[in-house]
Amino acid sequence: MTFPDGWTRGSHTHDGVTHATYRRGTGPGVIVIHEIPGITPEVATFAEEVVDAGFTVVMPSLFGTDGAPMTPRTVAASIARVCISREFTKFRTGETTPVAGWLRSLARELHDELGGPGVGALGMCFTGGFALAMAVDPAVAAPVLCQPSTPFAVGSKRAADVNLSPGDLDVVKGRCAAGQQVLGLRYRSDPAVGTRFDTLTRELGDAFIRVELEGKGHSTVTAHRQQEAVDAVLSFLAEHLRA
């Protein structure tokens, strides 16, 4: 496919910050947050799978060149962008990424429009933990963490951190105690995820559903896509978003 063919370009503004968005599909809402270096063809192809499964997908463009492939050049450019941006945490622990406020606002707007139990939120790699931060808001009913990799897993403390402030983590734990579930996907041997799946299991208990793939890989639903991972995501979204 050639992105953004078939996608409707828009934007969302919150607290003075505006990012472009791309939308396609019908049905319950799902926000798909791209990985580094941006909305690559692989990210767009995965988003199409979610559309084809009967969902309205909104993809925010947070950094990178929309539609550009993953190359050493595009990766380097995106890393340079996120490293200087105040919207994203990179190394600090016990802190919610600042862009979470913008993403929660987008989720509320989509939920207000479409109704139903809530919307899905899926992040991947650098943005993997963003979906967990969005789950602080009750508009998010199906948070999915694909290989969450921030803060960068340098040292044991960062490797175990889930990119949430203590207060936000308490909110998510409370929602999980009341029945909310969180889906996480990773390659078992992927060092970028660190030990944060163990942290999530300890903090959320059985509410954290772990899908751990064998073999070497990182991007569970895009560059190193496995059908098992995609099927788990689509099943989770359907279970939690269809009234």
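A nonpolar core here is a set of buried Ala, Val, Leu, Ile, Met, Phe, Trp, Tyr and Cys residues joined through side-chain atoms within 4.5 Å, with buried meaning under 20% relative accessible area, exposed over 50% and partly exposed in between (1.4 Å probe, protein chains only). This is a predicted model, so local features need pLDDT of at least 70 and side-chain atom pairs count only at pLDDT 80 or more, while totals for chains, interfaces and linings use all residues. Residues are numbered from 1 along each chain as its sequence is written, and side-chain values use heavy atoms, with hydrogens and water left out.

**View A. The largest nonpolar core, with 39 residues.** Leu62, Phe88, Phe130, Leu132, Met134, Val172 and Leu200 touch the most other members. The largest share, six residues, comes from α3.

**View B. Gln180, in the loop between α6 (166–177) and β7 (182–187).** Helices (H or I, at least four residues) and strands (E, at least two) are DSSP runs, numbered from the N terminus. Gln180 counts as buried because its relative accessibility is 10%. Its side chain reaches the backbone oxygen of Ala141 at 3.0 Å. Beyond four places in sequence, Gln180 is also in contact with residues including Pro143, Arg175 and Ala207.

**View C. Cysteines and a count of zero disulfides.** A disulfide would need two cysteine sulfur atoms within 2.5 Å. The closest cysteine sulfur to that of Cys83 is in Cys125, 12 Å away, so too far for a bond. For Cys125, the closest is in Cys146 at 10 Å, again too far.

Notes:
Polar contact = N/O pair within 3.5 Å; in protein donor to acceptor, adjacent residues only side chain to side chain. Contact = heavy atoms within 4.5 Å.
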